[in-house]
Amino acid sequence: DASRKAAKGKAAAKRTQRGSSNVFSMFEQSQIQEFKEAFSCIDQDRDGIINKSDLKETYAQLGKLNVKDEELEEMLKEGKGPINFTVFLTLFGEKLNGTDPEDTILQAFKLFDPHGTGLVNKDEFRRLLLTQADKFTEDEVEQAFSVAPIDVAGNIDYKSLCYIITHGDEKEES
């Protein structure tokens, strides 16, 4: 009976291993590297696991200070256990698999728009592009802003920008 339990345990471990290694085949190496950078930005205490205080600190750095504990716990529950890098990648794989690229980009912009206005400030966005993760050069920022719909107050209409990114700019075609 003990040997049968051990064999079952080994088979389950093999299945788990196979399942987790499979997630790495869903992404290009460069994407995995970007996820790794994002993971280490969120893993504030550098212990290899994303926990509630890591999420709270990450939100604070993005300017969102009053995130409810329930909200954070809800996010962590999606991992069904400790969120290490493989679990993090799996969660993104599940979320990105079959999603509309426009929707994915919109969701990313919504992080910078806590009040849901549909706008992000050009100067603040420029600062983020030049200083965070894969830093943009001044030229790359100017290139991005050349197609961005920016109003007189200096705000980017990111819903229109997402459409331009995924469908092309009508102005170029006419």
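Reader: How many residues does helix α2 have, and how far does α2 reach from its first C-alpha to its last?
Author: Bearing in mind that this is a predicted model, helix α2 runs over residues 29-42 and has 14 residues. From first C-alpha to last, α2 reaches 20 Å, which is close to the 20 Å expected at 1.5 Å a residue.

Reader: Which residues in α2 are buried?
Author: In α2, the buried residues are I32, F35, F39 and I42.

Reader: Switching topic, at what angle do α6 and α9 pack?
Author: Helix α6 (residues 101-110) and helix α9 (residues 158-167) pack at about 145 degrees, their axes being 9 Å apart, and α6 passes α9 in a right-handed crossing.

Reader: Which residues in α6 meet α9?
Author: On the α6 side they are P101, E102, I105, L106, F109 and K110, and they meet residues in α9 including Y158, L161, C162 and I165. By class, the contact of α6 with α9 has nine nonpolar, two polar and three charged residues.

Reader: What about α3 and α4, at what angle do their axes cross?
Author: The axes of α3 (residues 52-61) and α4 (residues 69-77) cross at roughly 120 degrees and come within 10 Å. K52, L55, K56 and Y59 in α3 meet α4 residues, among them D69 and L72, and this contact of α3 with α4 divides into five nonpolar, no polar and four charged residues.

Note on methods
Residues are numbered from 1 along each chain as its sequence is written. This is a predicted model: local features need pLDDT of at least 70, side-chain atom pairs count only at pLDDT 80 or more; totals for chains, interfaces and linings use all residues. Side-chain values use heavy atoms; hydrogens and water are left out. Axes are lines fitted to C-alpha atoms, for helices over the stretch in contact, and angles run from 0 to 180 degrees between N-to-C directions. Helices (H or I, at least four residues) and strands (E, at least two) are DSSP runs, numbered from the N terminus. Contact means heavy atoms within 4.5 Å. Ala, Val, Leu, Ile, Met, Phe, Trp, Tyr, Cys and Pro count as nonpolar, Asp, Glu, Lys and Arg as charged, and the others, Gly among them, as polar. The expected span of a helix is 1.5 Å times one less than its number of residues. Buried means under 20% relative accessible area, exposed over 50%, partly exposed in between (1.4 Å probe, protein chains only). A crossing is left-handed if the near helix is turned anticlockwise from the far one by less than a right angle, and right-handed if clockwise.
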